[in-house]
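Hi,

Here's the model I promised to pass along. Have a look at it first, and then read on for what turned up.

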Amino acid sequence: MPSIIVRGLDDAVKQQLAAQAKEHGRSMEAEVRDILTKADRRPNIGMALLAAVQEVGGVQELPVPARVDIARSADFG
């Protein structure tokens with residue numbers, strides 16, 4: 001099974017992971033593995049929206065209004 005190393009992890013993050021792991025009754029490694037696995041399986045919002053739009057027939061006929069104003073650059077001065 002592949003492994004990863006995370007360097008430069010903030011101490012507060014490590015403490016929070018340790019607390020979560022203890023709360024869930026598992027090692028910190030198992031806690032991080034669970035977090036990463038759930039994050040990987042979480043649906044991508046863009047893909048979820050695309051699927052929802054396709055279920056109702058798509059957006060091919062969606063009117064796009066013409067732009068009537070002139071684009072201008074930001075003034076950071």
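A quick definition before the residues: buried means under 20% relative accessible area, exposed means over 50%, and partly exposed is what falls in between (1.4 Å probe, protein chains only). Keep in mind that this is a predicted model, where local features need pLDDT of at least 70 and side-chain atom pairs count only at pLDDT 80 or more, while totals for chains, interfaces and linings use all residues. Residues are numbered from 1 along each chain as its sequence is written, and side-chain values use heavy atoms, with hydrogens and water left out.

Salt bridges

By the cut-off used here, a salt bridge is a side-chain nitrogen of Lys or Arg within 4 Å of a carboxyl oxygen of Asp or Glu. The structure holds five of them. With a relative accessible area of 22%, aspartate 34 counts as partly exposed.

Which side chain does lysine 38 pair with? Lysine 38 forms a salt bridge with aspartate 34, and the closest N and O atoms are 3.1 Å apart. Both residues lie in helix H2, four residues apart, about one turn of the helix. Lysine 38 is exposed, since its relative accessible area is 54%. Aspartate 34 also meets arginine 26 in a salt bridge, at 3.1 Å from N to O; arginine 26 is partly exposed at 32%.

Elsewhere, the side chains of arginine 67 and aspartate 69 make a salt bridge at 2.8 Å, N to O. Arginine 67 is exposed, with 60% relative accessible area, and aspartate 69 is partly exposed, with 44%. As for shared partners, salt bridges join Arg26, Glu31, Asp34 and Lys38 into one network.

The largest pocket

There is about 560 Å³ of space in the largest pocket. On the method: a 1 Å grid is laid over the protein atoms alone; a cavity is a set of points where a 1.4 Å probe fits but cannot get out, a pocket is an open set with protein on both sides within 12 Å along at least five of seven lines, and lining residues have an atom within 4 Å of a point. Of the 15 residues lining the largest pocket, Ile4, Glu29, Val32, Arg33 and Leu36 are the closest to its centre. Helix H1 (11-24) and H2 are the elements that give two or more residues to this lining, and H2 gives the most, with six.

Nonpolar patch

On the surface, Ile4, Val6, Leu9, Val13 and Leu36 form a nonpolar patch with about 460 Å² of accessible area together. Patch residues have over 30% relative accessible area and no salt bridge, with like charges joined within 9 Å and nonpolar side chains (Val, Leu, Ile, Met, Phe, Trp, Tyr) within 5 Å. Accessible areas come from the Shrake-Rupley method with a 1.4 Å probe. Valine 6 is in the segment before H1 and is exposed at 54%.

Cheers

How values were computed. Grid points are joined across faces, edges and corners, and a volume is the space filled by probe spheres set on the points.
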